[in-house]
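Hi,

Here is the model I promised to pass on to you. Have a look at it first, and then read on for my notes.

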Amino acid sequence: MGNGAILRRLLLVPPTLFGVAVVVFVLLRVVPGDPVSMMISPGATPADIAALHARYGLDLPIAEQFLVWLKAAVSGDFGVSITRRQDVLGLILGRLPATLELVLVATLIAFSIGGGMAILGAYFRRRAPEWAVDGFVAASLAIPDFLWGLLFILVFGVLWPVLPISGRIDPRVGVDFHTGFYLIESVITGRWTVAGDLLRHLILPAMALALPLSAIVTRLLKASLGEAELQDYAQVARSRGFTSGRVLILEALPNALISTVTLAGVQITFLIGGTVLVERIFSYEGIGNMAVDAMINRDLPLIQGLVLTFAILFIVLNLLIDLLVAWLDPRLQHG
Amino acid sequence: MAETSPTAEGRRRLAIRIDARVVAGGTIVAILLLTAIAAPLLAPHNPLDQDLLSAQLPPSWSAGGDPAHLFGTDSLGRDTLSRLIYASRIAVIVALVAATLACVIGSLLGLAAGFFRGAVDQIVSRLIDVWMSFPPVLLSIVLAAAVGAGLGSVILAIVVVDWTRFARVIRAETLLQGQLDYVAAAKVVGLTPTAVLTKEVVPNVLPLLATLLSVEMGIAVLVEAILSFVGLSVSTDTPTWGGMIAEGRQLINQTPWLLALPIGCIIVTVLGFNLLGDGLRASLDPVQRR
């Protein structure tokens, strides 16, 4: 992807976000249901309720409400959460690192499992290991992340309680963090017991998210490996006496990875959608779990901020994946 | 349809495999339908009856179980088996209504886009692109939250999100069929575009549609369970598998059966619809192009 293409993509970001903001704003306000109803005490008079509406700007026409919100949002002020009575931006930024770490670990797991399985299946073609790999792909694809999460809860919460099934960190691990990226921070600062506890909490939700994606990676990479092995350079390497394992890893894999990352990249963005349910199932304190609470409570400013956050994450991830593919594939650098 | 001639043996093998899947999937779906219809006859208790004296009873075969409650009770003493049986009603309604509506809307748009192409195709394709750029589950949750709780909003959320599954596939299939000789022949014979569409293209798209519809019913059951799980479906009094899972998740150490049993119901149901769909595609479409 050349600089021009990147610039065009970046220029498209503001109008896309504007569109998302308009749709969500209108959708959430035209439907019945009073967002301040949760805050009204039993003895409230109509005047009290009107005052609450005025305080959150809910008494204005929708278009005007949107302009007020937009003006503030552009300067970084996304309003105050109705249920939590805190700054929306602060709330989201506080939770975002937890979700990003979950997505990061899930992606790493998916590509590790997928890579390993694909190499195994490609190396033992038409033998028992390949059938096992195909079976794994079929099972992982048939069961969505929601059910994987619940099955893990059942297995590791009831039958074989060796891993924690809720939260992000054991409250007894009393440590202070300077950033929200607990796992990354504790690894960098070498606090291995803390990192271990974080990982023990992270592994099940990350696995639930990763399994369907790992099946897609396995399938794509295995097919690409099969194609790459038939190319001239692989034949040449074989004719020079390289073992088939070496040809597979050193010659076929780097080329097969390019097409796999291109095709599986889109799926990574869907991991972000999956975090909503998986965080809910594992009581993991990220923005997905926060989004469900916000929607149940009709916390309009918070929903608005969270949906925009998800939209930004999609756009940024898609852009990063395109850049990664361009960097991996030398052919695209001259395009 | 292009006539290939599979060997007699191949045809026989195909037929046996198809029947097994249709029979297995069809049996599961039939049992589900019957359970939903006959819920008042099958359920040993009223699913809403609370009995705090027999709350959180384990399944009858384990220690402390009560033979009157085969699968135990929840924290309000409501009979788990009866709730599972009544919950199948919500699952069946959502599967039938939401999937059918999504199917009708999506395939009409897909047919129009694939058959007429040009501007219609442009509009439908752009719509699909916009829809597909957002994760479907997240979109369902936002929609259900916006519209408010209730069976109608669950169905609406599923239809609004999932019509693209039909539109995308049916558009591609219609485009493909439109290039085949029989469509050209029908045009040469002088059939009107409408006649070509309804008499020639639609019958050939139907096998694929049956498959998609069956799979979509499974997806609808799952999405309803997800929305109930996060508390955005029907009211919490009405038994739903997702609602039971949410309760079982909270009290996992006290009542794990409340988690395990509805998960089992969902998995078997989704499996049944998928088996039926796969089997139908194979048996309705002998060439098995895909």
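Let me start with one residue in chain B. Leaving aside residues up to four places away in sequence, Ile158(B) touches Val94(B), Ala98(B), Ala102(B), Ser140(B), Ala220(B) and Val223(B). Please keep in mind that this is a predicted model.

Ile158(B) also belongs to the largest nonpolar core, which has 164 residues. Together with Leu306(A), Val94(B), Ile141(B), Ala220(B), Val221(B) and Ile226(B), Ile158(B) is among the residues that touch the most other members of this core. Helix H8 (residues 193-229) of chain B gives the core its largest share, 19 residues. From chain A, domain 1 (3-74) and domain 2 (89-330) each contribute at least three residues.

Now to the interface. Here 27 residues of chain A are in contact with 24 residues of chain B. On the chain A side, helices H1 (3-30), H6 (145-159), H10 (244-281), H11 (287-296) and H12 (300-328) each supply at least two residues, and the largest share, eight residues, is from H6(A). By class, that side of chain A has 23 nonpolar residues, three polar and one charged.

Val133(A), Val137(A) and Ser140(A) are buried in H5(A). Seen down the axis of H5(A), the buried residues fall within an arc of 80°, so they line one face of the helix. They pack against helices H4 (88-123) and H8 (192-229) of chain A. The face of H5(A) turned away from its buried side carries exposed residues, including Trp131(A) and Gly135(A).

Best wishes

Notes. Residues numbered from 1 in each chain as written. Chains lettered and ligands numbered in written order. Predicted model: local features only at pLDDT ≥ 70, side-chain atom pairs only at ≥ 80, totals over all residues. Contact = placed C-beta atoms within 7 Å. Helix = DSSP H or I, 4+ residues; strand = E, 2+ residues; numbered from the N terminus. Nonpolar A, V, L, I, M, F, W, Y, C, P; charged D, E, K, R; others polar. Buried ≥ 20, exposed ≤ 12 C-beta atoms within 10 Å, placed from the backbone. Arc of directions from axis to C-beta. Core = buried A, V, L, I, M, F, W, Y, C linked by C-beta atoms within 7 Å. Domains from an automatic or database assignment.
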